[in-house]
Amino acid sequence: MNLLLELNFKQKNATRFFTALGGFLVFLLIKDNAKLSLGLGAILALMLRNPTFVYALVNTVPRDTVAGYRFAKMNIFILLMEWKKWSIARIFQENCRKHPEKACFLINDRRMTFQDVEDYSNQIGGYFKDKGLRKGDCVALLMEGRPEYPAIWLGLSKIGVITALINSNLRRDTLIHSLKVAEAKAIIVGTELVEVLQEVIDSEGLRTLPIYQFSDEEQRTNDNLVLMKGAVDLTGDLKYQKPEHLCIYINECSPKDKLLYIYTSGTTGLPKAAVITNQRYLFMSTATYHMVAITPNDIIYDALPLYHTAGGVVGVGMALIHGSTIALRKKFSVSQFWKDCIKYKATCAQYIGELCRYLLTAPSKPEDTQHNLRLMYGNGLREQIWSQFTTRFNIPNIAELYGSTEGNSNLANVSNQVGAVGFIPMPIRHLTHLQVIRVDEETGEPIRNAKGFCIPCNPGETGLLIGRIDARNALTTYNGYADRGASEKKLLHNVFRKGDVFFNSGDMLVGDLLNYYYFKDRTGDTFRWRGENVSTQEVEGIITSVIGLQDCVVYGVEIPHVEGKAGMAAIEDPDRKIDFQHLSVGIRASLPTYARPLFIRVMDQIPRTSTFKMKKRDLMLEGFDIEKFKDPLYYLNSDGIYRPITQQQFEALKTGTAGL
């Protein structure tokens, strides 16, 4: 917004300049230079009619030229792959043929070459083909990050099998739901997550599924590996599986075939399985590769989960599709991040906003600037810490990416504009499939004009980002979720004319005069905390099932100096019967850490509308400020137990010293 004010000020100066230019043109007319006068006169007319647009256009020409060149390269590559009808597995085969001995994945002291990945994936494909899996079947993959993770789903894709990438943080009900919604025919589980799967495998619809247990060398040391009851030792069996040539099956896979299910919380309810086709995977990876100017010679440090789009697509995809080397880590570590970058000689690294904040809170050390990173790319790096982060860790370039797993609304900030999630080139701002429209702040519903059509936002106005859907183009297609009903809920019809269809991103953005866009908030029943989208309905369901109370509402609240919104639950309990020890245990057992409410507010009665809907917005505005209400407020302590918040804790939260 500071930029908006600055540009308005500069606009006034620009108008004065154009007025002076008019005097110069009069002089030219007197000098009888008719052609030059007419040409400059036309330019002056445009400037005087819309000086803001001209000013913005002139100032964005370098940015838009670079972006246009990269965008053209991206589209040429995608069109070429679609013309050849190559799947991701076929593209990887070609990369392997070019440089079989090049490192594809690095982790700890292990090095997996492109040929190693090709051979292992062929073993996987041949093994499961022999088990009877066929094109269109689905296998659930529940495993921590390691080089075999992408190699497994790549191998399954070679026989047309879809892999559901299960979030390794999910427990009980949400895990059961994720396994069922994918309609998996089998489960591959890492030894480290066997106990998690054992808790749910006897559920209806899961108990008959074949289970294949993967174990790495460390887990098999001294022959002390314990197999889950009824599970097949996948790693042991693969020792006798020769790498099978699967070219005949790969050639049967088309770009539009389903490749993966990647789970997203969406705007309501339990996790949804977003459909990732080969075409969609190709677009997300290739768009990132070209727009942020990654090269095959780059070594990319990827410490993000491989079951998410960030780590598993725009990270791993740089190797599978474009031949870069990826350095992996099972779990992100603040103390090891820069050491790993140095160890692997990384030139690029991925981030999410929360990761950057964790790194900033760590004590300074020599490794902070001893790396060779030329670029970090990702999403969620907020304006408040952007400059501090790049300065402290000596990062020359930040590429902030915006997009959702299932959607077609994608932006990229490739010009180091602090705080922006991306931009739309000035010459095509009214032609692109992306638009920001006005919505009702209370309901999140689009505001329509007298003709029933949506209203685009002007610079400085916060609105909802939407993307026009066109299945003929990889950039604008929408594959939705495995659940068709959930897919339909993300669509807006008759937006700017009758019959058009747009994807509803659920995100509120604001643009400035240079067409940079800045993230403001999420609409609906989702908020973002610790780099994850949290579904309020899911958390409400868990709390209600634990304590047996009917009325509970969950929402996100802002905490000073902290990115995202922390979870807060308001529970109607006039008799104060809640057993917080029991509630604490139930929440820990059923929800991943990022989804657990930080605050619980106990109320005599939750405020409602005349139609009996709970007024979530009123509660959001009050937040956790105990000076605004007298209801008991409970705080999630470091030991996982909810206790009444103390004045000291409240002050620490307000001043940013709570150590969240």
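Ile 262 stands opposite Ala 274 in β9. Strands β8 and β9 pair in the antiparallel sense over six bridges. Two strands pair if DSSP finds at least two bridges between them. Helices (H or I, at least four residues) and strands (E, at least two) are DSSP runs, numbered from the N terminus. This is a predicted model: local features need pLDDT of at least 70, side-chain atom pairs count only at pLDDT 80 or more, and totals for chains, interfaces and linings use all residues. Residues are numbered from 1 along each chain as its sequence is written, and side-chain values use heavy atoms, with hydrogens and water left out.

The sheet is open and has seven strands, in the order β7-β6-β5-β3-β4-β8-β9. Its pairing is mixed. At the edges are β7 (232-233) and β9 (272-277), each pairing on one side only. Helix α6 (residues 148-157) lies across β3 (138-142), β4 (162-165), β5 (186-190), β6 and β8. The helix runs at about 150 degrees to β4. Axes are lines fitted to C-alpha atoms, for helices over the stretch in contact, and angles run from 0 to 180 degrees between N-to-C directions.

Lys 256 is in the loop between α10 (247-250) and β8 (258-264). Lys 256 counts as exposed, at 59% relative accessibility. The classes are buried (under 20% relative accessible area), exposed (over 50%) and partly exposed in between, with a 1.4 Å probe and protein chains only.

Beyond its neighbours within four places in sequence, Lys 256 is in contact (heavy atoms within 4.5 Å) with Thr 277, Gln 279 and Ala 471. The C-alpha atoms of Lys 256 and Ile 276 are separated by 9.2 Å, and the two residues are 20 apart along the chain.

## The eight-stranded sheet

A further open sheet has eight strands, in the order β2-β1-β11-β10-β12-β13-β14-β15, with mixed pairing. Strands β2 (110-113) and β15 (411-413) each have a single partner strand, so one side of each is left without a neighbour in the sheet. From one strand to the next, the twist averages 20 degrees.

Strand β14 (residues 398-402) pairs with β15 in the antiparallel sense over three bridges. Here Glu 400 has Asn 413 of β15 as its bridge partner. Helix α15 (residues 353-361) packs on the sheet and touches β12 (348-352) and β13 (375-379). Its direction makes about 100 degrees with that of β12.

## Aromatic pairs and cores

The whole structure holds 18 aromatic pairs. Rings of Phe, Tyr and Trp (its six-membered ring) pair if their centres lie within 6.5 Å; planes under 30 degrees apart count as stacked, over 60 as edge-to-face and the rest as tilted. Tyr 127 and Phe 128 are edge-to-face, 5.1 Å centre to centre with 85 degrees between the planes. Tyr 127 and Tyr 212 are also edge-to-face, at 6.0 Å and 85 degrees. Tyr 127 lies in helix α5 (residues 114-130) and Tyr 212 in strand β6 (residues 211-214), so the pair ties together parts that are 85 residues apart in sequence. Both Tyr 127 and Tyr 212 are buried. Phe 128 is buried too, with a relative accessible area of 0%.

The largest nonpolar core has 97 residues. Such a core is a set of buried Ala, Val, Leu, Ile, Met, Phe, Trp, Tyr and Cys residues joined through side-chain atoms within 4.5 Å. Phe 128 is among those with the most contacts inside it. Another core, of 45 residues, lies apart from it and includes Cys 552 and Met 603.
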